[in-house]
Amino acid sequence: MIGENFNRTWSLLIIDQLVKSGAKHFYISPGLRNAPLIWAIQNHSGAKYYINIDERASAYRAIGQSQVTNQPGVLVCTSGTAILNYAPAIGEAYKGQIPLIVLSADRPRESILSNSNQTIPQTNILPDLL
């Protein structure tokens, strides 16, 4: 219970600051690890959210919204390889100077590279793009 409340508290703070900074559109690819972020987005009155299980589709929708509104779209995915599915859109946003924010959940440090699903290291996972 303490971990869940801690994660929800941090998630609420992150989402609140993003909304206050002008990021109001959240493109969610749901998973277990990003559940606290999803909860915070769904419970923030200033956040608009769109749920899509395909990360690539979400990423390109976020880019389109950013281009139309000039507000950064926010991508939200679970741990592991999910963030890699955002790579083409992140590259396009970077090259086109399109505002885009990516939030990716991660597993606890002790689980990384444990041969379980979705445990690849995420630190600097897209270094050549940025």
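## Nonpolar cores

In this predicted model, the largest nonpolar core is made up of 14 residues. Those with the most contacts inside the core are Ile15, Leu18, Phe26, Ile41, Val74, Val76 and Leu103. Two or more residues each come from helix H1 (2-20), strand S1 (25-28), helix H2 (35-42) and strand S3 (73-77). The top contributor is H2, which gives four residues. In soluble globular proteins, nonpolar side chains tend to be buried together.

Another core, of 13 residues, lies apart from the largest one. Its members include Ala59, Ile83, Tyr86 and Ile98.

## Packing of H3 and H4

Two packed helices are described by the angle between their axes and the distance between the axes. For helix H3 (residues 55-69) and helix H4 (residues 87-96), the angle is about 20° and the axes are 8 Å apart. Because angles under 35 degrees count as roughly parallel, H3 is classed as roughly parallel to H4.

On the H3 side, the contact is formed by Ala59, Tyr60 and Ile63. On the H4 side, Pro88, Ala89, Glu92 and Ala93 take part. By residue class, the contact of H3 with H4 has six nonpolar residues, one charged and no polar.

## Burial and end of H4

The buried residues in H4 include Ala87, Ala89, Ile90, Gly91 and Ala93. H3 is among the elements that cover the buried residues of H4, as is strand S4 (100-104).

After H4 comes Gln97, which has a positive phi, near 55°.

## Arg61

Arg61 is a residue of helix H3. Its relative accessibility is 40%, so Arg61 counts as partly exposed, a class that lies between the limits of 20% for buried and 50% for exposed.

With neighbours within four places in sequence set aside, Arg61 is in contact with Tyr27, Tyr50 and Asn52. Arg61 and Gly73 are separated by 12 residues in sequence, and their C-alpha atoms lie 8.5 Å apart in space. Gly73 falls within strand S3 (73-77).

How values were computed: Residues numbered from 1 in each chain as written. Predicted model: local features only at pLDDT ≥ 70, side-chain atom pairs only at ≥ 80, totals over all residues. Heavy atoms only, no water. Core = buried A, V, L, I, M, F, W, Y, C linked by side-chain atoms within 4.5 Å. Buried < 20%, exposed > 50% of the residue type's maximum accessible area, 1.4 Å probe, protein only. Axes fitted to C-alpha atoms, helices over the stretch in contact; angles between N-to-C directions. Parallel < 35°, antiparallel > 145°, perpendicular 65-115°, else oblique. Contact = heavy atoms within 4.5 Å. Nonpolar A, V, L, I, M, F, W, Y, C, P; charged D, E, K, R; others polar.
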